[in-house]
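Please read it beside the sequence and the structure shown here.

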Protein chains: 4
Amino acid sequence: MGEEFNPSKPIYLQLAERINYQIVRKELSAGEKLPSVREMAIRSGVNPNTVQRTYSELERMGIVETKRGQGTFVTEIESVLTTLRETLKKDQITHFVSDMREMGFSDEEMIQGLEEYFQVKGSKKG
Amino acid sequence: MGEEFNPSKPIYLQLAERINYQIVRKELSAGEKLPSVREMAIRSGVNPNTVQRTYSELERMGIVETKRGQGTFVTEIESVLTTLRETLKKDQITHFVSDMREMGFSDEEMIQGLEEYFQVKGSKKG
Amino acid sequence: MGEEFNPSKPIYLQLAERINYQIVRKELSAGEKLPSVREMAIRSGVNPNTVQRTYSELERMGIVETKRGQGTFVTEIESVLTTLRETLKKDQITHFVSDMREMGFSDEEMIQGLEEYFQVKGSKKG
Amino acid sequence: MGEEFNPSKPIYLQLAERINYQIVRKELSAGEKLPSVREMAIRSGVNPNTVQRTYSELERMGIVETKRGQGTFVTEIESVLTTLRETLKKDQITHFVSDMREMGFSDEEMIQGLEEYFQVKGSKKG
DNA sequence: GTGGTCTAGACCACA
DNA sequence: GTGGTCTAGACCACG
């Protein structure tokens, strides 16, 4: 139990990122209930206070809604989920481009490399 | 001193990857001397034997040449460095595509996202 | 227990050579389990780490396959074993010719000497 | 100083073999003086008594002659040297064939392997 | 049990 | 100094 956390970043943010990731991957669907704070604390191997902070942060971002006495739920507002998806996409791309540039690759090489990859491995079109 | 290592992967391999990365980023140029085994051990916070194993591995891959009593040097064979560069590129791309697909993005969305990114931020052509 | 090793050559390589030799002589057959690292260490009178290194080397050469938690086994890939056999043959011949030449014998004398030897002692044809 | 000796065989015989080998390689020519017992003992790192025994053995075989007060000399009798040469050749061949047979090679494979070797590496004819 | 990794500390050959 | 090997002893993941 309890995957590891990078000590150089607040755990509550890392946990939030993981949940966002799960939402975009549809492991958590719109309207679905998140694990209770205590449950999530045990699963993640962190303190319940940390989970609480994560949930608050997610609520501040509009990604989850807390219903008193019932629990915390993924928002059903489509636009929020779409934005979240776009945000994560952008983050991934930013990180990718940054790494590739550090290795000295040009924009063309990245595009080209991707297209070659798709051709070889077979593509998944949207 | 002593950067962190992921406990789920052998340290000697992670260290090799870091060095490969440094070579591709030209933080280490062709023919340049690597830190001595002992020096690198101190810098990395690991045992000299572990560094030794890393250097052996790199030598086996042809990325590094060792001269007894003198030290360990980045190879000057161009083709090896080119291959290394291509390998790391492929790895990055594989990882990127894998993550993006897990988040449900299509190949088109990745390419498109990249191109948008380049247009907004300004491109670096090869 | 504990056969002797030539101090002028790494033990882990000498041990590997011995095992290769045993395989070619069919004292170890394809698919057969090698002694465990610890067992072999005791038999050979060396440290388990040294045996480990030998087994790693053999695996790198494809001569041996290791199954986690089960042991190390001689490969069943015929081509590898054939190649090994050919390699050892070549090594033997190289060594023989080198010694004979040092003693001043010509190629003809070697061939001739061999043929005489076979005639006198009785031959084993393939 | 002092090459190593195989503990499984008398040192005096190993030393005799080495000297025979040197004679056949013409590092010691017919009639040439061998090092004095004391000198040889130092060079070989063995006890002078052992060298004495080696020289006696060589004299028994007719390979050297001892002249009181002058030293020990390689014989000048051609037939003895020829025989020695033939004996060493036979020993080499016996050892070679024995090893190759243990590895399962047929007589044909040995001859064939030798001939291939000569073709590739270039032959030295007598 | 198995193999695999890591540390600690030692000794060696080379230059 | 450099890299290379070896031992001793520990801990881990796998089955």
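The domain assignment of chain A gives domain 1 (11–76) and domain 2 (79–121); such bounds come from an automatic or database domain assignment. The model is predicted: local features need pLDDT of at least 70, side-chain atom pairs count only at pLDDT 80 or more, and totals for chains, interfaces and linings use all residues. Residues are numbered from 1 along each chain as its sequence is written, while chains are lettered from A and ligands numbered from 1 in the order in which they are written.

**Domains of chain A**

- The centres of domain 1 of chain A and domain 2 of chain A, taken over C-alpha atoms, are separated by 27 Å.
- Domain 1 of chain A brings 8 residues to the contact and domain 2 of chain A brings 5 residues, where two residues are in contact if their C-beta atoms, placed from the backbone, lie within 7 Å.
- On the side of domain 1 of chain A that touches domain 2 of chain A there are 5 nonpolar, 3 polar and no charged residues. In this classification Ala, Val, Leu, Ile, Met, Phe, Trp, Tyr, Cys and Pro count as nonpolar, Asp, Glu, Lys and Arg as charged, and the others, Gly among them, as polar.

**Chains B and A**

- In this pair, 30 residues of chain B are in contact with 30 residues of chain A.
- Two or more residues of the side of chain B that touches chain A come from each of α4 (78–102) and α5 (107–121) of chain B. Helices (H or I, at least four residues) and strands (E, at least two) are DSSP runs, numbered from the N terminus.
- With 10 residues, α4(B) gives the most to the side of chain B that touches chain A.
- That side of chain B comprises 13 nonpolar, 6 polar and 11 charged residues.
- The same surface serves both copies, as 100% of the contact residues of chain B recur in chain A.

**Chains C and D**

- Here 30 residues of chain C are in contact with 30 residues of chain D.
- At least two residues of the side of chain C that touches chain D are supplied by each of α4 (78–102) and α5 (107–121) of chain C.
- The most is given by α4(C), with 10 residues on the side of chain C that touches chain D.
- By class, this side of chain C holds 13 nonpolar, 6 polar and 11 charged residues.
- Chain C can be laid on chain D with an RMSD of 0.2 Å by a turn of 179 degrees and a shift of 0.1 Å along the axis. This is the relation of a two-fold axis.
- Both copies use the same surface: 100% of the contact residues of chain C recur in chain D.

**Chain pairs without contact**

- Chain B and chain C are joined by no contact, and their closest C-alpha atoms lie 10 Å apart.
- Chain A and chain D do not touch either, with 42 Å between their nearest C-alpha atoms.

**DNA strand E**

- DNA strand E is surrounded by 22 residues, of which the closest are B:I11, B:N47, B:G69, C:S36 and C:G69. A residue is near a strand if its C-beta atom, placed from the backbone, lies within 6 Å of it.
- The elements giving two or more residues to the surface near DNA strand E are α1 (11–24) and α3 (48–60) of chain B, together with α2 (37–44), α3 (48–60) and β2 (71–74) of chain C.
- The surface near DNA strand E divides into 6 nonpolar, 12 polar and 4 charged residues.

**DNA strand F**

- Around DNA strand F there are 22 residues, the closest being B:S36, B:G69, C:I11, C:N47 and C:G69.
- The largest share of the surface near DNA strand F, 4 residues, comes from α3(B).
- The residues of the surface near DNA strand F are 6 nonpolar, 12 polar and 4 charged.

Conventions
Least-squares fit on C-alpha atoms with pLDDT ≥ 70 in both.
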